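User: Could you take me through this structure? I would like to begin with the overall picture and then go into detail.

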Amino acid sequence: MSQINRIDGGQIDRTQTLKFNFNAKTYTGHPGDTLASALLANGVRLMGRSFKYHRPRGPLTAGSEEPNALVELRGGARAEPNTRATTIELYNGLWARSQNHLGPLGLDVMAVNDLFSDFLSAGFYYKTFMWPAAFWEKLYEPVIRRAAGLGALSGKADPDTYDKGYLHCDLLVIGAGPSGLMAARTAARAGAQVILTDEDFRMGGRLNSETLEIGEQTGADWAADTVAELAAQPNVRLMPRTTSIGAFDHGIYGAVERVSDHLHRPEDGKPRQILWRIYTRQTILCAGATERPIAFRNNDRPGIMLGSAVRSYVNRFGAAPARQIAVFTNSDDGHKTAQDLHAKGIRVAGVIDIRKDAPRSDAYDVFAGSKVTDSKGRLGLRRIEVERADGTRHWIDCGALAVSGGWNPNVHLTCHQRGRPQWNESLAAFVPGGVLPPGLSVAGAANGVMSTAGALRSGAAAACTALSLKAMPDLPEAEDAPLSITPFWHVAGKGRAWLDQQNDVTVKDVKLSHQEGYRSVEHLKRYTTLGMATDQGKTSNVGGLAILAELAGKSIPDVGTTIFRPPYTPTAIGVFAGRSRGKAFKPTRKTPSHIWAEEQGAVFVEAGNWLRAQWFPRAGETHWRQSVDREVQATRGSVGVCDVTTLGKIDVQGSDAAAFLNKVYCNGFAKLPVGRTRYGLMLREDGIAMDDGTAARLAEDHFVVTTTTANAVSVYRHMEFVRQCLFPDMDVQLISTTESWAQFAVAGPNARKVLQKIVDPSCDISNDAFPFMACAEITLCGGLRGRLFRISFSGELAYEIAVPTRYGDALIRRIMEVGAPYDITPYGTEALGVMRIEKGHAAGNELNGTTTALNLGLGRMVSQTKDSIGTVLSRREGLNAPDALRQVGLRPLDPKDKVPAGAHLMAATGPVDAAHDQGYVTSACYSPTLGHHIALAFLKNGAERLGETLRLVSPLTGVETHVEVVSPHFFDPQGDRLRA
Amino acid sequence: MHSLPPQTALGAQSAQQDVIGTLSLTEVPDVAIASVAARKGHEAACAKTLQKLLGATPPGPGEMTGTTPYAAIWMAQDQWLLCAPLHSHEDIASLLKEEFGADASITEQTDGWACFDISGAAMHDMFERLCPAPVRSMQTGHATRTTIHHIGCYLMCQDGAFRVMAPRSSAGSLYHALIEAARSVS
């Protein structure tokens, strides 16, 4: 028994048969089917269970607005929950299962909830699980979460990739129904660059689902011909399977293209989906309209669906929802459904029209002035109860009911920039209104133009307006009947009439919300969950508003709508991430010695986007401290080498270069001689320290400024701001050269001996010729251009040597080679940190955005004889209080104790609280040189408190230890070693 | 002649080359680069020298001039990146300093950038997946700043091919992004 409800016609390819699996059962379908249409063709109406009451549900729609038929698509790591069966394009081997049930779909144990529905009404959880509070997190929430909800994630990493992309066009047309196709055709023929997107895999919109005619052709044929014409145009990009998810600023639209969702799995290297950012001058929204249901008792049974969906299944997919179908309508739309069904040979069990003047038919019964009051059928519709105009009731057998309650224009994208739609009385629906996103116009049903001829006309007109075309194109003939609708939202009476089938919200729930004071439409939404979740109330919102309006005695526009936000339909998080995941989450910057460091087994740490060697473990070392201690001792004992390429380097040139640096640094630079380097401190405008570094004067009009690794970009940005905005008259030019030079620190008593084997003999680097803080452009290794700076972060005799980056790898290998007799040791950022703490040098921990030069013990560096950025505000009273924080060193009284960073200083006795806080530790380490832990800290009036004993506390980590305040210069305070 | 061997931006001895479908990706290490920024008050003189070197009007915003030996890319107001073959212009900064004298500040940028050439029928499709630049409307002589995988780049169009220049330290990440995009569209 296969495809028992397959009927003739439709746009499916019957020459091919596809096998698929739903709930462990194999079925067949054809290319062109959706999962929902194929299941209906196979006689399967039950596709899922509802969110709250676990009611049996089938598809309500045939499109992306579907609230009910949500399935888990694909198994394993590719599983995708909450996928709409109505939009899943059938492919061979498709695997799907229904979700949100315990036991088989037909016998869901959780359906017991339905029996207690009187208790589970709106606000149930808020009212019931109030107390005891302790029960909420551990008991109530897990139980509720387990019982409710939709599908579940696989918990596995998604094996597929997602791309992002960027497109540009003159005109973006969203939606390829009659208005969209006509707009695109008009623009394409005028030579504009056009992008046409449609969420469906077959362009044409309703033309594919209706039996109407355009010119001499069927609507579907006209659509196919028009698509073919557009496809042949080089200036047109057709994007089927592409949902425009949002209208963003400056003519930017987001669109998700489902590249591989219709395949068993993506081709090698190909993405599953692409998130496009479309830059367009003009946009025409041709998103069509969504039909809405009428609520009545038990209107949620599988088989009860929208009239437009029934026509789609029958006309487009050749799949009958049932062999006997009734129609319930408040407009002529329902009669269109009945005529189509009759033409297809499907028995029309009756047309129930609420209008007394409903059109008559010879082919089937029309019950004018009647309504559907109830339905039966546990797992699928079997019969409906009809109340005739005279009040009599009777039951009609049918396997499906096509409900037509009117149409809601898809205004969503017109509201993404806070626009509010306007109420149109004749359509009884919201239409685009007010302020639209700039460059956006709306055509066709999305703009409330409900006839085919109107859609074609408005699409062409919108294109002409958008592109300033003078002549309207010739338009083919098409039906142009006005929409005749009698607003009708729900059938009053007992029992539960479902408004929002996705969230199990009934008419009664809306009434309860109103009764309990949740009368604003925004409150209604939150209290009842109406319009939430994957369908965002596309079929339910307006019905909810209508009932709220009725209760409040207001008009629907007075009740208003909730806010429309992107994305238009559910969008996979993966497509937002694109290729930025795992190791490729962000770009990585590698130092010139990276490959060499990897060969040495270096452990790397991220600093900014850089990967820097943190330490270089050696055989037998089992703890990072062993490696770091060894590196420090080897450097202080003989010589070490460290890649310092990551420090920012900014080339400053121009006749005003020195004057410029005098402005950006708080200390003086004007008199720095050529061939010398100076330590400099930059202040922010507010007097707080921003960054420190050195500036080397290579010529009268040429400096190289170094910054910390972390602040390389922000300092450069700051300097550009100063150059362009504060001192535009200065002759100064800036450019970053961080990447251009590979730079290595060679430090230790034997540093000079090592470098003398590298630097060419013509360059004298003896202590006399090249003293501490000297700099020069040199040659090395037989003529390679390089730069040498005698600067020291470690406190040792030290140099930084720079070569063009492409030689960095060769240079580190050469330094290691010539340094071997001195046991030269590479050291990483940890040893670098230990040595600078031993020397009391400030780093990022101390330059933390709250500290001043005074705090850092560098108060005297702020020149009072010139005006530089931050000088004036650094004099603020509050920054110069007598008990201002000052940088000090700390040593533990018990040498075994640690002095952890982040701990706070308190008096040796007395309370431990914020009111008695004396300061805090910024940097801490074990000093292998001193043999105990040390720390740098900021202490109130610290400079005057050397020798004091304080308590160091960290209530969070349970630390309480006694420390002595000492000079921050733990090692070689006179600096004899670095001048050696 | 010094004794240190150079390394490419991708950390190899020779340039990386890949062919993916119709697309050809080639790392281009043979490029010497320097920035030329006019000194204050010397803008006209700087532009004049530049014109002499290029044999063409200096490029404006969004443009490059692909002459030989020097090609120029507009960087900022009165500032350009000049490129020349590395094998003949290794010391490009000194060479340009001689040309411009006191009219411009010259800064060597050769090793600041990793350079890749991409050509082939699908190259527009590829760059549409990589950067927001309007790649389909770019013609020979167009050059723009853009971002690829969060990396600030220059994208240039020259003789039916694209050239990307990105900060050298990010060459590996850029290369990864280029290859993935090439596979995606091939």
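Predicted model: local features only at pLDDT ≥ 70, side-chain atom pairs only at ≥ 80, totals over all residues.

User: How many helices and strands has chain A?

Analyst: Chain A has 22 helices and 50 strands; these are DSSP runs, H or I of at least four residues for helices and E of at least two for strands, numbered from the N terminus.

User: What does its C-alpha trace span?

Analyst: The C-alpha trace of chain A spans about 115 × 70 × 55 Å along its principal axes.

User: Which order do the strands of the open sheet have?

Analyst: The order is β17-β24-β18-β19-β20 in chain A, 5 strands with parallel pairing; two strands pair if DSSP finds at least two bridges between them.

User: Which strands stand at the edges?

Analyst: β17 (304-306) and β20 (366-368) of chain A do; each has a single partner strand, so one side of each lacks a neighbour in the sheet.

User: How many bridges join β18 to β19 there?

Analyst: In chain A, 6 bridges join β18 (residues 324-329) to β19 (residues 347-353), and the two run parallel. A:F328 stands opposite A:I352 in β19(A).

User: Changing topic, how many residues does the contact take from each chain?

Analyst: It takes 38 residues from chain B and 40 residues from chain A, where contact requires C-beta atoms, placed from the backbone, to lie within 7 Å. On the side of chain B that touches chain A, α4(B) gives the most, with 7 residues.

Note on methods:
Residues numbered from 1 in each chain as written. Chains lettered and ligands numbered in written order. Contact = placed C-beta atoms within 7 Å.
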